[in-house]
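Subject: The structure, and what turned up in it

Hi,

Here is the structure I promised to pass on. Have a look at it first, then read my notes below.

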Amino acid sequence: KEVQHGVTVYRCPQYIPATPTGMKRIWMDASFFLAAFFRLFTLLFTAKFDVVMVVVPPFHLGFLGLMYKWIRGTRLLYHIQDMQIEAARDLQMIRSQWLINTLFRLERIILRSADIVSSISEGMMKKIAAKSGREIFFFPNWVAVSYFFPINERRQLKADFGFRPEDKVILYSGAIGEKQGLESILEVALAMQDDDRLKFLICGAGPYKTTLENKARIMSLKNVYFYPTQPSSQFNRFLNMADIHLVIQKANAADLVMPSKLTTILAVEGLALITANEGTSLYELVRTHEIGIVVQAENQQALYEGLLQAVNEDSGHITSRAGDYARNFLAIDSIMTSFEQVALKASR
């Protein structure tokens, strides 16, 4: 237990598998559920809260919110960041159809019992509404534009991170997991290895990082660099250093997750190269507002051509629109004002 900026934080331990599998992920989520259950049980006997907010995944944390709601007579706001069950099914992390159907039935109980359900993109909201038969509120990921902002000294930033001014730094920064399909970065780096200006950076942590490093080693890639997660004090400079930002997703993860990394890329006026198929909310968002380059997911040739466009064409009009979009629609103050209205509605 600790207090941060006037907010009491309780930390709950959980099992983290060294080599994740579908079943181990279930045990990982279950371990956190149990730890959170015992913590929440003690809070049942403290002051009553007006609203309980559960942020998922894991989806079954909603049952903890329901427990508090039913016992203390409070209201439950259930916020969905990723559609976990669909992702596990479509990415074949869980292959048992019986288990998938059971998980959907359990989730349906939560969706129908919560007072407010919200999510982060129009595509996800439509899918959740279709399976729950209720109104879904829009609560997108925000960005602190006072913390993430453009820096014009890119040549100096590149030197600070060990690159030449003429290098074109192509950055993927985020979780390194199976669902991202990051092998495509290695393939395109192999196809472009004759251009010594192009430097591919894969930054972050995750269960798939070691596998990816081994693949890069087997492929003898000299233009791919793996960086650890950057400290928060350096992260704005690190993002500004890159010329191109990769937002890679598998086709069957579209509209099941919304890449949160995109918000900070837009805020620093970065050039985002995004894999998303036509008809998904991410595709429509980027194309409608012209805030990045979007190419077909899991299409190696399309990714290659998109990178050529990003490297060789003037993209000033795209990056300026990206920054405007972040400041006008993703700033934390405006989003939290809207969220406060939803939370007040839930508390009535």
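Predicted model: local features only at pLDDT ≥ 70, side-chain atom pairs only at ≥ 80, totals over all residues.

Which residues in H4 meet Ile 128, Lys 131 and Ser 132 in H5? They are Phe 104, Glu 107, Arg 108, Leu 111 and Arg 112. Meeting here is contact, that is, heavy atoms within 4.5 Å.

Residues are numbered from 1 along each chain as its sequence is written, and side-chain values use heavy atoms, with hydrogens and water left out.

**H4 against H5**

Back to that helix pair. Two packed helices are described by the angle between their axes and the distance between the axes. For H4 and H5 the angle is about 95° and the axes are 10 Å apart. The axes are lines fitted to C-alpha atoms, for helices over the stretch in contact, and the angles run from 0 to 180 degrees between N-to-C directions. H4 and H5 are therefore roughly perpendicular. On this scale, under 35 degrees is roughly parallel, over 145 roughly antiparallel, 65 to 115 roughly perpendicular and the rest oblique. Sorted by class, their contact has 3 nonpolar, 1 polar and 4 charged residues. Ala, Val, Leu, Ile, Met, Phe, Trp, Tyr, Cys and Pro count as nonpolar, Asp, Glu, Lys and Arg as charged, and the others, Gly among them, as polar.

**The whole chain**

The chain has 14 helices and 12 strands. Its C-alpha trace spans about 65 × 40 × 40 Å along the principal axes. A compact globule of 348 residues would have a radius of gyration near 20 Å, and the 21 Å of the chain agrees with that. That radius is taken over C-alpha atoms, and the globule rule is 2.2 Å times the number of residues to the power 0.38. Of the 348 residues, 48% count as buried. Buried means under 20% relative accessible area, exposed means over 50%, and partly exposed lies in between (1.4 Å probe, protein chains only). Among contacts between residues at least 6 apart in sequence, 70% join residues at least 24 apart.

In soluble globular proteins, nonpolar side chains tend to be buried together. The largest nonpolar core here has 33 residues, and Val 54, Tyr 78, Ile 80, Val 117 and Ile 128 have the most contacts inside it. H1 (22–43), E3 (51–56), H2 (62–72), E4 (75–80), H3 (84–90), H4 (97–113) and H5 (122–132) each supply at least two of its residues. H4 gives the most, with 6 residues. A second, separate core has 32 residues, including Tyr 227, Ala 242, Val 247 and Ala 267. A core of this kind is a set of buried Ala, Val, Leu, Ile, Met, Phe, Trp, Tyr and Cys residues joined through side-chain atoms within 4.5 Å.

Leaving aside neighbours within four places in sequence, Val 117 touches Tyr 78, Ile 80, Leu 111, Ile 128, Arg 134, Glu 135, Ile 136 and Phe 137.

Most residues other than glycine have a negative phi, and most peptide bonds are trans. What is the peptide bond from Val 56 to Pro 57, cis or trans? It is cis, with omega near 15°. The next bond, from Pro 57 to Pro 58, is cis too, with omega near 0°.

His 5 is not a glycine, but its phi is positive, near 50°. This residue lies in the loop between E1 (2–4) and E2 (7–9) and is exposed, at 85% relative accessible area. Glu 269 also has a positive phi, about 60°. Glu 269 is in the loop between H10 (261–267) and E11 (272–275) and is partly exposed, at 23%.

**H11**

In H11 (281–289), Ser 281, Leu 282, Tyr 283 and Val 286 are buried. Their cover includes H5, H10, E11 and E12 (293–295). Just after H11, Glu 290 takes a positive phi of about 55°.

Cheers

Technical notes:
Helix = DSSP H or I, 4+ residues; strand = E, 2+ residues; numbered from the N terminus.
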